[in-house]
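Me: I would like to go through a protein structure step by step. Could you help me read it?

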Amino acid sequence: MPKLIVSNQRTDEMIGDLGSLTPEYRRYVAGQAQRMVWLAEAGDVLVLPVELDEEFLSYVAALKGVDRESWAVVVPPVGSLGEDVLSRDRLEDPEFVTRLKAAVRDHEVRTILPFHFDRVSVRLARTLGLDRHTPGFPFAAQSGTALLNSKAAFRALAVGHGIPVPFGTVTDDRQEAEEFLWEAIGAGQPVIVKQDFHVGGIGNEIISPVPGIRPIGATGTELITNRAALAAHLDRRWAHYAGPHLGRVVLEHYTPESPAIYSELLVTDEGVRLVGHGEMRMKPVINGLIVPAPSVRLPAFAGFLDDSRQLSETLHRMGYRGSLSVDAIVTPDDTILVNEINGRVVGSAHIHRIGEELVGGDYTRERVLIEKRRVAFPDFRTTLDKLTATSLAFDPARRTGVVVTVHDNGRTGGFGGCCLIAEDDAAARVLEKEVDALFGTAGERPGTSMRDGEPGTGNGEPGTGNRERGTTGTGEQPGPGNNQDRGSTGNRPGTRTPVSEGERR
């Protein structure tokens, strides 16, 4: 059954205010919107923020075995925030809606698949008559998706299931937050402070009483060792932590050097299916994935998958339908602590779809997939020619090689993406070095402001991290910057026993 794909990679509900994103970050988001093309099937209609290179669309269709002419791509007029995000004014533009209605009618579309099922998507579905047949629409129509993307709601849900999470608290009270932070500081324990609604770690900061903490999963580290400095910091930053709607703030003990992992699940009317799992590559922000997760060999990993399924089955009973990711960290003592869920089309969806459709077989056991982001591709034809000339292009017969997943067509020069497919981890690393030598990364291109980080977001934080702010006058040296939530000394919900001493999964 043909569907309408809406690649709204960032929405006001996800981050609070699309206008807070810098132009650079919005260009990055426009590139990432291309990932949804990999989810398209014959007859689908795609709504994208910018026009794509026709050769790239034909490339994706050919690899998937789909007739490119069966797809319709509809791009709305430029909005108040430009062309890079699908803002409300663009998706509700009358001329665009008229064109979209015609495409939906001609392709006999009956369901809608937005990246994020926000209120704008709900209205669009109703306008197009797609609400009745779209699975999970009643749940989404009552802002259910927003509930699933709340870090505070996640903690309540996980604790209620007895799932191990980082030790922490949820509060909208500044004084309560100060007490929690001061107790942690007195114990020498870093804490990650999270906005309730944001993505990619951009709304997070780390407060640490000790220097040298790398803020992986946050925009920076604040070095604080006395109560007066803590109070002054919260006076200055509490409104930022509470977000544009002055909501709840999540505080969790942070454990450095803890790899971030995820499981991706699909929730349908029939039930819950595990799609796959992987590790998020932090450099220091998310710069892709490794599939399968290397930590799959740990004794605790089976428990993590059980926890993921348990959460998903509850959401299934609540009426949610669609993709879901359950994120966690692997602490240095090999404990796995779950720290987030995301009820939307997740950033790993296109990689697992490539695994299923292009690689085939039991790809998570027979191959290693590495997703790379921010690759500095030249124009698309030159990119393919280089991959072919060096024998790096994906070979369906061998089930190995490079698949170009995102191509920015020279609009920004560095927001390309690819999936490296190899027989094992060692071969994947060799392939990655060859791709780096061939194309480089955005951080290596002269004149760019990105280095080891995602582009900036306009939330008063640099987009590249690499700093450690000190409020103690010690001049501590900088540490890297931003993305997925990681960190924590955790334990079973409801106890303060350190994980290394308490019950482990």
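This is a predicted model: local features need pLDDT of at least 70, side-chain atom pairs count only at pLDDT 80 or more; totals for chains, interfaces and linings use all residues.

Me: Fine. What volume does the largest pocket have?

Reply: The volume of the largest pocket is about 860 Å³.

Me: And which residues lie closest to its centre?

Reply: The lining holds 38 residues, and Lys3, Leu113, Leu266, Gly322 and Ser323 are the closest to the centre of the largest pocket.

Me: Which elements give two or more residues to that lining?

Reply: They are strand E4 (111–114), helix H7 (137–141), strand E11 (260–268), strand E12 (271–282), strand E14 (322–330) and helix H13 (349–359).

Me: How do the residues of this lining divide by class?

Reply: The lining of the largest pocket has 17 nonpolar, eleven polar and ten charged residues.

Me: Now the second largest pocket. What is its volume, and what lines it?

Reply: The second largest pocket has a volume of about 270 Å³. Its lining consists of 16 residues, and those nearest the centre are Glu13, Gly16, Phe197, Pro244 and His245. By class, this lining divides into six nonpolar, five polar and five charged residues.

Me: Which helix gives the most to the lining of that pocket?

Reply: Helix H1 (residues 12–15) gives the most, contributing three residues.

Me: New topic: the open sheet of four strands. What is the strand order?

Reply: The order is E3-E2-E1-E4, and the pairing is parallel. Strand E3 (72–74) and strand E4 are the edge strands, as each of them pairs on one side only. On average, neighbouring strands of this sheet are turned by 20 degrees against each other, direction ignored.

Me: How many bridges join E1 and E2?

Reply: Strand E1 (residues 3–6) and strand E2 (residues 45–47) pair over three bridges, in the parallel sense. Within E2, Leu46 is the residue opposite Ile5.

Me: On to helices. At what angle do H9 and H12 pack?

Reply: Helix H9 (residues 151–160) and helix H12 (residues 301–318) pack at about 110 degrees, and their axes are 11 Å apart. Because an angle from 65 to 115 degrees counts as roughly perpendicular, H9 is roughly perpendicular to H12.

Me: Which residues make the contact?

Reply: H9 supplies Phe154, Leu157 and Ala158, while H12 supplies Leu311, Thr314 and Leu315. In this contact of H9 with H12, five residues are nonpolar, one is polar and none is charged.

Me: Last, the backbone. Is the peptide bond from Val291 to Pro292 cis or trans?

Reply: That bond, from Val291 to Pro292, is cis, with omega near 0 degrees. Pro292 lies in the loop between strand E13 (286–291) and H12. In general, most peptide bonds are trans.

Me: And what is phi of Asp334?

Reply: Phi of Asp334 is near 70 degrees, a positive value in a residue other than glycine. Most residues other than glycine have a negative phi. Asp334 sits in the loop between E14 and strand E15 (336–342).

Key: Residues are numbered from 1 along each chain as its sequence is written. Side-chain values use heavy atoms; hydrogens and water are left out. Axes are lines fitted to C-alpha atoms, for helices over the stretch in contact, and angles run from 0 to 180 degrees between N-to-C directions. Angles under 35 degrees count as roughly parallel, over 145 as roughly antiparallel, 65 to 115 as roughly perpendicular and the rest as oblique. Contact means heavy atoms within 4.5 Å. Ala, Val, Leu, Ile, Met, Phe, Trp, Tyr, Cys and Pro count as nonpolar, Asp, Glu, Lys and Arg as charged, and the others, Gly among them, as polar. On a 1 Å grid over the protein atoms alone, a cavity is a set of points where a 1.4 Å probe fits but cannot get out, and a pocket is an open set with protein on both sides within 12 Å along at least five of seven lines; lining residues have an atom within 4 Å of a point. Grid points are joined across faces, edges and corners, and a volume is the space filled by probe spheres set on the points. Two strands pair if DSSP finds at least two bridges between them.
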